[in-house]
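Please walk through the structure below with the text that follows.

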Amino acid sequence: MKFNFGTGIVIAMGIFMVFILQYVIRVQIDSKYDNELVTENYYQQEIEVDGKHDREVAALKLATPVSIESTKAGDISIVFPSDFDAKNITGKIFLYRPSNQKLDFDMPISLSSSNLLIPNNTLVDGRWDIAVEWSYNGSDYRNKQSLTVKKD
């Protein structure tokens, strides 16, 4: 068999294809290359985009907006409008960790005052995406913010 330029190109293409295939197989099998979706029910959330947008616009129109901040101790403080009766505020708080889906959790809103504190023992250091879905007297609102939690 004669080795010429065409044979070299075919061999090089074959070696390149084997390299790419072994990389794809390794990424699919090895657990350290975790390729999960950001949220478990991603497609359902995409269907609800318009409703989320309407609730976010309603939250922006409030005279006193909801405040979401990280404290020096690493807690997350959520302050609802003080002119609302805190006992009539209902809803859920969703905490998403972009780097690790296993740390995501949600919690119901149960208030006795306009302040809600999420203790740092439920959080790890790093970035958190926080979405507050809440209702007051039949009106729905949504606030979202990204925070970096750092415990002292």
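**A hairpin and its surroundings**

In the hairpin formed by strand 6 and strand 7, with two residues between the strands, Asn 137 has a positive phi near 50 degrees. This is a predicted model, in which local features need pLDDT of at least 70 and side-chain atom pairs count only at pLDDT 80 or more, while totals for chains, interfaces and linings use all residues. Residues are numbered from 1 along each chain as its sequence is written, and side-chain values use heavy atoms, with hydrogens and water left out.

Strand 6 covers residues 126-136, and strand 7 covers residues 139-149. Helices (H or I, at least four residues) and strands (E, at least two) are DSSP runs, numbered from the N terminus. Asp 129 has Ser 146 in strand 7 as its bridge partner. The side chain of Asp 129 also meets that of Arg 127 in a salt bridge, at 3.0 Å from N to O. A salt bridge here is a side-chain nitrogen of Lys or Arg within 4 Å of a carboxyl oxygen of Asp or Glu. Asp 129 is partly exposed at 21% relative accessible area, and Arg 127 is partly exposed at 45%. In these terms, buried means under 20% relative accessible area, exposed over 50%, and partly exposed in between (1.4 Å probe, protein chains only).

The structure holds six salt bridges. One of them joins Lys 144 to Glu 56, with the closest N and O atoms 3.8 Å apart. This pair links distant parts of the chain, since Lys 144 is in strand 7 and Glu 56 in helix 3 (residues 49-60), 88 residues apart. Lys 144 is exposed, at 54%. Both residues belong to a salt-bridge network that also contains Arg 55, Glu 133 and Arg 142. Elsewhere, Asp 106 and Lys 92 form a salt bridge with their closest N and O atoms 3.7 Å apart. Asp 106 lies in strand 4 and Lys 92 in strand 3 (residues 89-96), so this pair ties together parts 14 residues apart in sequence.

Aromatic contacts come next. There are six aromatic pairs, counted when ring centres of Phe, Tyr and Trp (its six-membered ring) lie within 6.5 Å; planes under 30 degrees apart are stacked, over 60 edge-to-face, and the rest tilted. Phe 94 and Tyr 96 are stacked because their ring centres are 6.4 Å apart and their planes are at 10 degrees. What is the arrangement of Phe 105 and Trp 128? Their centres are 6.1 Å apart and their planes at 75 degrees, so the pair is edge-to-face. Phe 105 is in strand 4 (residues 105-108) and Trp 128 in strand 6, 23 residues apart. Trp 128 is buried at 1%, whereas Phe 105 is partly exposed at 25%. Ring pairs also link Phe 80, Phe 84, Trp 134, Tyr 136 and Tyr 141 into a cluster.

The domain assignment, which is automatic or from a database, gives domain 1 (1-33) and domain 2 (40-147). Their centres, taken over C-alpha atoms, are separated by 48 Å. Met 17 is found in helix 1 (residues 5-29) and is exposed at 52%.

Definitions and conventions:
Two strands pair if DSSP finds at least two bridges between them.
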